[in-house]
Amino acid sequence: MSVSAREETAKPVRNFGIDLKTAGPLVALIVLCVLGYSLNPAFLSEGNLANLLTRSAFIGIIAVGATFVITAGGIDLSVGSMAAFVAGMMIIIMNGAIDVMGVSVWTVILGCGCSLILGIGAGFINGFLTTKGKIEAFIVTLGTMGIYRSLVTYFADGGTLSLASAARDIYRPVYYDSFLRIPIPVWVFIGVAIIGWILMNRTAFGRYCMAIGSNEHVARYSAIKVDRVKTWTYVLQGLCVSLATIIYVPRLGSASSATGVLWELEAIAAVIIGGTMLKGGFGRVGGTVIGALILTAIGNILNLTDIISNYLNGAVQGVIIVVAVYLQRGNLRAPKRKAQE
Amino acid sequence: MKLKTLLAGLVVSTAMIGAAAAQDKIKIGVSIPAATHGFMGGLNWHAQEAEKRLEAQHENIDIIIVTANGPSDQASDLEDLVSVHQIDALVVLPFESEPLTDPVKQVKQTGAFITVVDRGLSEPGIEDIYVAGNNTEMGRVSAEYMKSRLKEGDNIVILRGIPTVLDTERFDAFMAEIEGSGINVLDNKFANWNRDDGFEVMQDFLSRFPDIDGVWAQDDDITLGVVEAIKQAGREKEMFVVGGAGMKEIIKGVMEGDELVPVDVLYPPAQIATAMDVTVANYTSNAPVRGRYILGAPLITPENAEEFYFPDSPF
């Protein structure tokens with residue numbers, strides 16, 4: 001925490017052309033891209049890049065929300081289950097709406113509206129229990145993780161909830177169409193990232209998150225409404241989950257208990273790779289975006305080559321995650337030494 | 001404290017009443033994995049259907065179904081079935097072979113009749129009946145169909161399940177059958193019996209290989225993801241997909257003559273019902289039932305798809 005505080009104050013003094021902390025994950029991403037291209041030139045084809053970016057949108061959007069939660073010293077383990085639950089409820093609601101009001105764009109809009117309400121509501125519950133209930137965020141979200149996961153299994157009767165095909169035809173473009181040759185999920189991702197960046201770096205809310213994550217007591221004495229700000233981070237997280245779900249559902253038109261498994265860990269990994277500290281106090285939305293891209297790129301590259309045994313995929317991913325974070329830690333140390341000189 | 005005593009008393013008395021009432025009934029415990037993915041969802045459904053049917057048919061049969069979230073969970077379930085329910089017979093689909101072998105042996109020592117389903121135990125001779133789908137046959141039948149549709153020099157890609165013995169059996173049998181046919185297997189990747197992974201892995205295969213003639217997706221959940229990826233790339237005219245298991249959506253497609261997924265290979269979630277049937281038969285018929293019941297892995301085609309279609313099942 002003190003390191004990050006020193007970082008902040010030291011920033012204007014050192015006049016590097018590039019910010020080393022941002023460069024860490026970026027360098028890792030570039031290295032990965034070069035590696036991907038050298039293993040298989042198809043990596044940089046337009047189709048593959050579009051696939052890669054679209055895929056990273058889900059984890060990316062959720063991870064932007066997670067950046068705020070983690071920066072404020074919290075954690076949300078429920079996002080993957082929450083995504084599955086919200087997706088399942090959306091499908092049930094839309095299928096139900098078809099019976100009542102027929103198939104139209106309104107059915108889809110109704111589903112998306114419900115998704116937003118559910119996401120925000122679920123986020124609020126996490127936030128409320130953490131702040132007012134005074135239960136550790138780890139425990140609250142561990143609990144809600146189990147609840148959402150079993151609810152979606154229950155509603156699907158252990159199988160899969162599928163969106164009626166008529167509604168799917170209307171909803172499909174949300175995932176599969178492009179605007180200016182960039183897929184729509186990527187636009188949503190870009191929008192969320194920009195808003196997230198502004199919130200984190202240019203508003204009082206972002207500063208409060210960092211202050212609370214650094215030292216909650218000091219923040220409280222500084223007249224920051226700690227509980228309110230922390231609750232907001234979870235609401236924001238819920239909103240992000242809901243947005244990710246809205247673009248996820250049209251992809252396969254289904255939700256099951258296998259939906260969103262381990263997304264929480266991927267989101268947390270993206271946040272950490274991006275340079276946000278797990279213990280809170282310092283958040284980087286831009287880094288999170290790169291972190292999400294790195295995670296997706298690893299999986300993509302592994303699928304584009306047959307050099308590595310299938311059984312070792314997890315090991316390769318693990319190594320790259322650790323290396324990406326190490327690169328960045330190395331850079332964190334450099335200015336510290338400089339400050340001591 | 002009071003509540004605790006009350007609860008404890010309640011549990012004990014219910015157990016005693018239950019035990020007294022069911023004294024003359026044959027108790028059959030069914031221990032299966034929880035419905036955490038499509039296939040297990042289907043298996044759970046078939047288990048419940050079989051319970052209703054068998055209990056309605058036979059007055060003296062009482063079936064208790066318990067579901068577990070992992071191997072250790074299942075071991076506890078087995079202990080409960082013995083101590084609380086005092087079962088006469090056990091139908092078990094072990095989560096994993098190794099860790100469940102001893103717990104099942106413990107049940108056996110109480111004198112219970114044992115039926116093992118699908119995944120075997122690591123020691124022979126424990127079970128009285130073994131009922132299973134046929135992974136090897138499933139791989140072989142899929143490869144046979146590939147050979148019937150493709151010629152020398154054609155290319156296929158393979159999407160596998162989760163790295164387990166089950167998956168390896170299917171894969172090895174497939175590769176053995178395809179060998180020497182001149183069909184090229186471009187690559188194989190794990191898609192974890194999951195739609196999302198199937199979609200992503202297939203997207204990557206499609207950007208990597210310009211010429212694919214066939215896809216062995218091995219599982220129907222993966223197949224659904226694969227189909228979306230192929231449609232997105234607009235290449236549905238170039239290839240066909242062979243899945244497996246017997247998911248109702250896929251079978252419906254086969255019935256309706258889908259060209260992209262023309263057939264399916266059966267690996268029935270209803271095998272649990274078969275196991276329960278033969279276990280009950282041990283008590284209700286005078287025919288010998290001990291032995292191994294290996295279900296076939298027939299090719300499901302538009303002609304016979306009707307037989308394998310369960311519209312009410314969640315899978």
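**Close-up views of a predicted two-chain model**

**View 1. A salt bridge inside one helix of chain B.** Helix H2 of chain B covers residues 38–57, and B:Glu49 and B:Lys52 sit three residues apart in it, so about one helical turn separates the two. Their side chains meet in a salt bridge, at 3.2 Å from N to O. Keep in mind for this and every other view that the model is predicted. Over all chains, a search of the whole structure turns up 26 salt bridges.

**View 2. Where chain A meets chain B.** Here we're looking at the contact between the chains, to which chain A brings 31 residues and chain B brings 32 residues. How much area is buried between chain A and chain B? It comes to about 2,600 Å², and carbon and sulfur atoms give 41% of that. Six salt bridges are found across the interface of chain A and chain B. For a look at another salt bridge, go to A:Arg172 and B:Glu228: their side chains meet with 2.8 Å from N to O.

**View 3. Helix H3 against helix H14 in chain A.** H3 runs over residues 46–71 and H14 over residues 285–304, and the two pack with axes 8 Å apart at an angle of about 140°. That angle makes H3(A) oblique to H14(A). As for handedness, H3(A) and H14(A) cross in the right-handed sense. On the H3(A) side, the residues making the contact include A:Leu52, A:Ile59, A:Gly60, A:Ala63 and A:Phe68. From H14(A), look for A:Val285, A:Ala292, A:Thr296 and A:Leu304, among others. Sorted by class, the residues in the contact of H3(A) with H14(A) are eleven nonpolar, seven polar and one charged.

**View 4. Helix H4 across helix H12 in chain A.** H4 (residues 79–101) and H12 (residues 226–252) cross at roughly 55°, and their axes come within 9 Å. H4(A) is therefore oblique to H12(A). This crossing of H4(A) and H12(A) is right-handed. H4(A) reaches the contact with A:Val79, A:Met82, A:Ala83, A:Val86, A:Ala87, A:Met90 and A:Ile91. H12(A) answers with A:Gln237, A:Gly238, A:Val241, A:Thr245, A:Ile246 and A:Val249. Split by class, the contact of H4(A) with H12(A) has ten nonpolar residues, three polar ones and no charged ones.

**View 5. Helix H9 alongside helix H12 in chain A.** H12(A) is back, now with H9 (residues 184–202): the axes are 10 Å apart and the packing angle is about 170°. How do H9(A) and H12(A) run, roughly parallel or roughly antiparallel to each other? They're roughly antiparallel, because an angle over 145 degrees counts that way. H9(A) passes H12(A) with a right-handed crossing. In this contact, A:Pro185, A:Val188, A:Val192 and A:Leu199 of H9(A) meet A:Leu236, A:Cys240, A:Leu243 and A:Ile247 of H12(A). The class count for H9(A) with H12(A) is eight nonpolar, no polar and no charged.

Terms used. Residues are numbered from 1 along each chain as its sequence is written. Chains are lettered from A and ligands numbered from 1 in the order in which they are written. This is a predicted model: local features need pLDDT of at least 70, side-chain atom pairs count only at pLDDT 80 or more; totals for chains, interfaces and linings use all residues. Side-chain values use heavy atoms; hydrogens and water are left out. Axes are lines fitted to C-alpha atoms, for helices over the stretch in contact, and angles run from 0 to 180 degrees between N-to-C directions. Helices (H or I, at least four residues) and strands (E, at least two) are DSSP runs, numbered from the N terminus. Angles under 35 degrees count as roughly parallel, over 145 as roughly antiparallel, 65 to 115 as roughly perpendicular and the rest as oblique. A crossing is left-handed if the near helix is turned anticlockwise from the far one by less than a right angle, and right-handed if clockwise. Contact means heavy atoms within 4.5 Å. Ala, Val, Leu, Ile, Met, Phe, Trp, Tyr, Cys and Pro count as nonpolar, Asp, Glu, Lys and Arg as charged, and the others, Gly among them, as polar. Buried area is the accessible area (1.4 Å probe) that two parts lose on being put together, summed over both. A salt bridge is a side-chain nitrogen of Lys or Arg within 4 Å of a carboxyl oxygen of Asp or Glu.
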